[in-house]
Amino acid sequence: MSNSTEIMGEAIVRPGLEALEQARGFTLRLVEAIAPAQMVTRACPGANHTAYVIGHIAWTDDAFVSMLSGGAPALPGDWASKFGMKVQLSDDPSFYPGKDERARKL
């Protein structure tokens, strides 16, 4: 890769990662006060609950960051089976990582 290409890539990737970090912080502040049992409460039958949505955001962000950086995903492999597309959701809060663990991954 040429030096100018690396500089252009850095100019695009760095602001994107900074925006992602800001969005993550905002998202985490939104769910701070939600109790574990509420994290798996659905707004209506068939809807995704907060535990899934937050984990899915972390899983998706991790996939994009690893693709952009060329590095390995940071999340454990079982996150895809819990937070990937069209997975079977659980209503048991213990099925999902706690908010603290999701926050570290998000």
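Student: How many salt bridges does a search of the whole structure find?

Tutor: This is a predicted model, in which local features need pLDDT of at least 70 and side-chain atom pairs count only at pLDDT 80 or more, while totals for chains, interfaces and linings use all residues. Residues are numbered from 1 along each chain as its sequence is written, and side-chain values use heavy atoms, with hydrogens and water left out. The search finds three salt bridges, a salt bridge being a side-chain nitrogen of Lys or Arg within 4 Å of a carboxyl oxygen of Asp or Glu. One of them joins the side chains of Arg24 and Asp61 at 3.4 Å, N to O, and this pair links distant parts of the chain, since Arg24 belongs to helix α1 (residues 3-31) and Asp61 to helix α3 (residues 50-69), 37 residues apart; helices here are DSSP runs of H or I with at least four residues, numbered from the N terminus. Asp61 is buried, at a relative accessible area of 12%, where buried means under 20%, exposed over 50% and partly exposed in between, with a 1.4 Å probe and protein chains only. Another salt bridge brings Asp91 and Arg42 together, with the closest N and O atoms 2.9 Å apart. Asp91 lies in the loop between α4 and α5 (99-105) and Arg42 in the loop between α2 (36-39) and α3, so the pair ties together parts that are 49 residues apart in sequence. Arg42 is partly exposed, at 26% relative accessibility. Lys82 and Asp78 also form a salt bridge, their closest N and O atoms being 3.8 Å apart; Lys82 is buried at 17%, whereas Asp78 is partly exposed at 39%.

Technical notes
Helices (H or I, at least four residues) and strands (E, at least two) are DSSP runs, numbered from the N terminus.
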